[in-house]
Amino acid sequence: EEEQRLISCGRGLGSGDLEVQDGELKDASFRWGRGSGLKSVLDGFWPLGWIAFGGPNAHVALAMNRFAGKRWAGPASPVWISEALFLELFAVCQALPGPSSTQLMTAIGAVRAGVPGGILAFLLFQLPGFLAMAWLGTMFHGVDKVRPYSVQAGFLAFFQKARMGLVAAAFSQVLNAAYMITSKTCGSNRGKLTIAMVSTFVTVLVPVRCAPWFYPALIIIGGFTECFLLKSSASEPEAGEGHEIDHHPPISRRVGDISLYLFLIVSLMALALAQVSSLVRSKSFFIFEVFWRVGSLVFGGGQVVLPFIYGEVVDNHWMTKDVFLYGFALVQVMPGPMFNLATFVGAAMNGLPGALLASFGIFTPGVLLLFGLIPHWYELRASPSAKSFLAGVNAAAAGLINAAVYIFLKNSLPNAASFGIMIFSGALSMIWNVPVPLVIPLGGLCGW
């Protein structure tokens, strides 16, 4: 009778997502959402990998537009996580080595359906770019020099025709992300706005070669500034805005610890085996070891990874400079992160097995670190000090996105036509609510 009374009370309040567990009235939508989570990850992520042009900041805009919102509307809702949780995940991924946009997509999938959901989200987001770069890389396998009228040069020219429009359309989403993230993280708080402004200013001035140590340091300094100097109270979510999914870790601490142990064991084994001369001369082991090391150590995104890979494969005479630079040009006109350059390099060095080894090596460390950090981060984020620290981290991360607007504008919109495509694409998505999966290809068509 008590259970029936509680259920009736829940229905009377208009909640269809209540159930009785051990005599207590609890929210069942979280359990139902997790149960159908893999299906929702499949539905939510399958188009993103095909339209993820424009680099990591454009990817953040796509994810925020598709998955983040103020309210949870049930298991079938397109709003997967609150804006506050999205911004926290964004800040955490900025502070980890590896491809930050891919880690963010993986984290969102994990929030929805645990480790399987994170892995599925990662695969769906990566698959189109991987297939394209692996296929193109195999075309360059055994090629030392790209001739002007070769098949390889023809493919590059074909894709570059649409590049201007694709990148311009993606840039419109970066502008939207910069505005949305700054407004959500800082609001009208002068302290947080100051952190974001200083972060933007300094990031624009600092050379890209400093990004491996500068970006994480900037994120941490922003957190400590908010926590110890400004000490503004972290805003609490309004009633109804939060959800159980925001407060229960999607990955258990045991699984997180296993992920960290795996990362440490593989890293130490690769480091030790790299000292064995016979293995160093093995092309397959060289590909895996180099890209595992790059994925474990590189902060700051795709532009930073370029000199690391160049120094390992070109300076050590595993690949010619000519082929490497063609791969770099191709990865910029393909969907997915700049880290997919590793797929091209692996395929050009050793065919499809090389592409698989390089991709596994460069992406796995960041994913393992993310899975290992999430349960510990969920434990810490409940404390007032951690909330204040995360508020500063979010403000500093917003500054990085704002700086990306300037960097993107300077390097990727070369003429008035590209600027016009950016305005047109932004109007379609922000004013007329045209879905982004349609806006990006349309921008590419306009650029053609």
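Hi everyone. A polar contact here is a pair of N or O atoms within 3.5 Å, where, within protein, one must be able to donate a hydrogen and the other to accept it. Keep that in mind while we look at this model, which is a predicted one.

Let's start with helix α6. Its N-terminal end is capped by S82, with a side-chain oxygen of S82 sitting 3.1 Å from the backbone nitrogen of L85. Now, how far apart are the end C-alpha atoms of α6, residues 83-94? They are 17 Å apart, and this agrees with the 16 Å that 12 residues should span at 1.5 Å a residue. The helix is also mostly covered, with 11 of its 12 residues buried.

S172 belongs to helix α8, which covers residues 151-186. Is S172 buried or exposed? It counts as buried, because its relative accessibility is 1% and the cut-off for buried is under 20%. And what does S172 touch, once its neighbours within four places in sequence are set aside? The answer is M422, S425, G426 and M430.

Our other serine is S388, in helix α17, residues 384-412. S388 has a relative accessible area of 8%, so this residue is buried as well.

Definitions and conventions:
Residues numbered from 1 in each chain as written. Predicted model: local features only at pLDDT ≥ 70, side-chain atom pairs only at ≥ 80, totals over all residues. Heavy atoms only, no water. Helix = DSSP H or I, 4+ residues; strand = E, 2+ residues; numbered from the N terminus. Buried < 20%, exposed > 50% of the residue type's maximum accessible area, 1.4 Å probe, protein only. Expected span 1.5 Å × (residues − 1). Contact = heavy atoms within 4.5 Å.
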